[in-house]
Amino acid sequence: MTLTKYLNCLKLNWQMLKHCCRGRFLAPEDYARSYDRLARNYDHSWLERLKAVTSSLLDELPENLVEGDILDLGCGSGFTTARLAECYPDRCIVGVDISAGMLDEARRRCPRGDFQAADMLTFCQQRQSRSAALIVSAWAIGYSHPARLIPEVSRILNPGGSFLLVTNLADTMPPVFYAFRRTLAQFPSRCTRAIIHHFPPSDAYLAALLKRQGFSLEMSRTGAIEIVPPSDQDILDWLLNTGILAGFAEVLPLHHDNEVRDFFRQELSAAMTKYPLAHHYACIKGTRPC
Ligand SMILES: C[S@@+](CC[C@H](N)C(=O)[O-])C[C@H]1O[C@@H](n2cnc3c(N)ncnc32)[C@H](O)[C@@H]1O
């Protein structure tokens, strides 16, 4: 048993090395594919559980805005965008998302928004300096590259403009990612890409990125949302509809390979007896000095 485990571990490392050498990495298109697949179910399966935290972030929206547009990076089905449109009726609100399916939902929810299908980092890199009054990103920045994105956010914001952010942290939902790693190690040859993700490790990490760009930090907090999976649905099918495994489900055949699915479920239920199913997050607000 132990020998098989070591052999699988060696095979997985070899497989990852091959993917790296061939340039096959988990990419924005993979996240887009996952979110396109789950877009119709996202609000019911996941957004409902996040809304309270997102709303508490949006309670920090500035009353008076400097000149410029408002951007919602990784706008998804438009929950935040709709709130921005309501709070700032005379401003142009731009929602950016990589998933066409999620953008369809957002257009339905917030007809006034200007929605653009793009990778958020590429979008920001192409955007004019000092053209935004406010930038918000809810539960999406970890899919991008925070260390590269935050300098762009700083460049785009007008002096006095604010950046509000909520994101899950790298250690979120421990049983899910434990089960994922165990499944990867069990089925190394079924893994299709190397995974490098940029989910931030802590709020301190994000705060340091903002301070480096000269932001004054007005709020920084962390928390955890206790997640209870629905009792009337297969746990893996539900997870695949939440987005928690977005991208990762393109690396391992969690949608259709029954052997992989059964192993994942088994590891997940064992892990859930040891670790809580909690969604760890950080909320941050920073403002560019005038
Ligand atoms: C967890 S959802 C959050 C959606 C929404 N902001 C909310 O609070 O419900 C993450 C969103 O980020 C989008 N996303 C992932 N990678 C992205 C990227 N590189 N550029 C733009 N959007 C991205 C996904 O398509 C998805 O809609």
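**Entry 1. Trp139**

I began with Trp139, which has 23 C-beta neighbours inside 10 Å and therefore counts as buried. The model I was reading is a predicted one. I located Trp139 in the loop between strand 4 and helix 6. I then looked up the backbone of Trp139 and found a positive phi of about 60°, although the residue is not a glycine. I noted for context that most residues other than glycine have a negative phi.

**Entry 2. Arg130**

I turned to another loop, the one between helix 5 and strand 4, where Arg130 lies. Phi of Arg130 is near 50°, again a positive value in a residue other than glycine. Is Arg130 buried or partly exposed? I recorded it as partly exposed, because 14 C-beta neighbours lie inside 10 Å and the count needed for a buried residue is 20 or more.

**Entry 3. The shell around the ligand**

I next listed what surrounds the ligand. Of the 25 residues around it, I noted Gly74, Gly76, Ser99, Ala138 and Tyr143 as those that come nearest. Which element gives the most to this shell? I found that helix 2 does, with six residues. Helix 2 (28-58), helix 3 (79-87) and strand 2 (93-97) each supply at least two residues of the shell. Sorted by class, I have the shell as 15 nonpolar, eight polar and two charged residues.

**Entry 4. Helix 3**

Seven of its nine residues are buried, so I describe helix 3 as largely enclosed by the rest of the structure. I wrote down the buried residues of helix 3 as Phe79, Thr80, Thr81, Ala82, Arg83, Leu84 and Ala85. What covers them? I found that the cover includes helix 2, strand 1 (69-73), strand 2, helix 4 and strand 4 (132-138).

**Entry 5. Helix 2 against helix 4**

Two elements from that cover were examined as a pair. I read the angle between helix 2 and helix 4 (residues 100-109) as about 30°, with their axes 7 Å apart. The two helices are therefore roughly parallel to each other, since angles under 35 degrees count as such. On the side of helix 2, I listed Tyr35, Asp36, Ala39 and Tyr42 as making the contact; on the side of helix 4, the residues are Ala100, Gly101, Met102, Asp104 and Glu105.

**Entry 6. Helix 7 against helix 11**

The axes of helix 7 (residues 174-186) and helix 11 come within 8 Å and cross at roughly 140°. That makes helix 7 oblique to helix 11, and I recorded the crossing as right-handed. Helix 7 brings Pro175, Val176, Tyr178, Ala179, Arg182, Thr183 and Gln186 to the contact. These meet Val260, Phe263, Phe264, Glu267, Leu268, Ala271 and Met272 in helix 11. I divided the residues of this contact into 10 nonpolar, two polar and two charged.

**Entry 7. Arg265**

I stayed with helix 11 (residues 258-272) in order to look up Arg265, which lies in it. Arg265 has 17 C-beta neighbours inside 10 Å and so counts as partly exposed. Leaving aside neighbours within four places in sequence, I found Arg265 in contact with Ile235 and Leu236. Arg265 and Ile235 are 30 residues apart along the chain, and I noted a separation of 7.6 Å between their C-alpha atoms.

**Entry 8. Cys191**

Where is Cys191 found? I placed it in the loop between helix 7 and helix 8. Cys191 counts as buried because it has 20 C-beta neighbours inside 10 Å, and 20 or more is the cut-off for that class. Apart from neighbours within four places in sequence, I have Cys191 in contact with Leu12, Gln15, Leu184, Val251 and Leu252. I also checked Met16, which is 175 residues from Cys191 in sequence and 8.3 Å from it in space, C-alpha to C-alpha.

**Entry 9. Helix 6**

My last entry concerns helix 6 (residues 146-156). I listed Pro146, Leu149, Ile150, Glu152, Val153, Ser154 and Ile156 as its buried residues. Their cover includes helix 5 (120-126), strand 4, strand 5 (157-168) and helix 8 (203-212).

Conventions: Residues numbered from 1 in each chain as written. Predicted model: local features only at pLDDT ≥ 70, side-chain atom pairs only at ≥ 80, totals over all residues. Near = placed C-beta within 6 Å. Helix = DSSP H or I, 4+ residues; strand = E, 2+ residues; numbered from the N terminus. Nonpolar A, V, L, I, M, F, W, Y, C, P; charged D, E, K, R; others polar. Buried ≥ 20, exposed ≤ 12 C-beta atoms within 10 Å, placed from the backbone. Contact = placed C-beta atoms within 7 Å. Axes fitted to C-alpha atoms, helices over the stretch in contact; angles between N-to-C directions. Parallel < 35°, antiparallel > 145°, perpendicular 65-115°, else oblique. Left-handed = near helix turned anticlockwise from the far one by under 90°.
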